[in-house]
Amino acid sequence: TRATRAGLIPRMRIETWTEPTDLLYDRAAFADLTTLRFLDAGHNLLILGPVGIGKTHYANALGHIAIRRRHTVHMVRAEKLFTRLRAARLDHTLETEFRRLARLDLLIIDDFALKALDPVTTNDFYELTVERHARAASTIITSNRDPAEWLAMTSDQLLAQAAVDRLTGHAHTLILNGPSYRQRLEPPRPGPLDPEVSRTA
């Protein structure tokens, strides 16, 4: 129940992680992160790599481990998070929402910087990062882009630089690389019909 409330996907646990032979990553770092020492130290984690290689699965898995250890956790896609903050600004609950997010032991932001951040979103990203940094609260971010690329996705590079500096200052980075697992799992598409079959049909 706590995992569901935290926004975690039930099937994406460390027990269900399957390791393709063609996936490249630091396996020692991967195993060490599951101990949650980074969370105990108040450090952040960046999980980076191309689409479809398991970044979301691994972030969820760490969230499930944290839930089992009685930490407060919330996982949300970046676009949904910033939409919620925009709505909170309209109904005058923004400060309440920031306080709630800042108090979490672990905040997991999935698919960050898929889209450009407008001025409001850039400001919210900065404010949220500052609040959590002040509390030494851990944040996991999954992204297809390197932090250096995030700056170009924002509308105010000074604010973004200040936020990224706080996020990466005490951060672990796990880079996953390889072909998309979605492509591997996709059923083979039927080839063109044999001419004889076509004529018969």
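This is a predicted model: local features need pLDDT of at least 70, side-chain atom pairs count only at pLDDT 80 or more; totals for chains, interfaces and linings use all residues.
Residues are numbered from 1 along each chain as its sequence is written, and side-chain values use heavy atoms, with hydrogens and water left out.

**Figure 1. Overall composition of the protein.** The secondary structure comprises 11 helices and 5 strands. Helices (H or I, at least four residues) and strands (E, at least two) are DSSP runs numbered from the N terminus. Of the 201 residues, 44% count as buried, the term denoting under 20% relative accessible area; exposed denotes over 50% and partly exposed the range in between (1.4 Å probe, protein chains only). Among contacts with a separation of 6 or more, 83% are between residues 24 or more positions apart, a contact being heavy atoms within 4.5 Å.

Figure 2. Five strands are arranged in the order 2-3-4-1-5, with parallel pairing. Strand 2 (73-77) and strand 5 (171-175) are the edge strands, each of which pairs on one side only. From one strand to the next the twist averages 15°. Two strands are taken to pair if DSSP finds at least two bridges between them; strand 2 and strand 3 (residues 106-112) run parallel and are joined by 5 bridges. Within this part of the sheet, Arg77 stands opposite Asp110 in strand 3.

**Figure 3. Helix 7 against the sheet and helix 9.** Helix 7 (residues 119-134) lies across strand 3 and strand 4 (138-143), running at about 150° to strand 3. Axes are lines fitted to C-alpha atoms, for helices over the stretch in contact, and angles run from 0 to 180 degrees between N-to-C directions. Helix 7 packs with helix 9 (residues 157-169) at an angle of about 30°, the axes being 9 Å apart. Helix 7 contributes Thr122, Asn123, Phe125, Tyr126, Thr129, Val130 and His133 to the contact, while helix 9 contributes Leu159, Ala162, Ala163, Val164, Arg166 and Leu167. By class, this contact has 8 nonpolar, 4 polar and 1 charged residues (Ala, Val, Leu, Ile, Met, Phe, Trp, Tyr, Cys and Pro count as nonpolar, Asp, Glu, Lys and Arg as charged, and the others, Gly among them, as polar).

Figure 4. A salt bridge is a side-chain nitrogen of Lys or Arg within 4 Å of a carboxyl oxygen of Asp or Glu. Glu15 forms one with Arg13, the closest N and O atoms being 3.6 Å apart, and another with Arg68, where the corresponding distance is 3.1 Å. Arg68 lies in helix 4 (residues 55-68) and Glu15 in the loop between helix 1 (2-5) and helix 2 (27-33), so the pair ties together parts that are 53 residues apart in sequence. Glu15 is partly exposed at 49% relative accessibility, as are Arg13 at 28% and Arg68 at 46%.

**Figure 5. The salt bridge between Lys115 and Glu79.** The two side chains meet at 3.1 Å, N to O. Lys115 belongs to the loop between strand 3 and helix 7 and Glu79 to helix 5 (residues 78-90); the pair therefore ties together parts that are 36 residues apart in sequence. Lys115 is exposed, at 54% relative accessibility, whereas Glu79 is partly exposed, at 43%. The whole structure contains 8 salt bridges.
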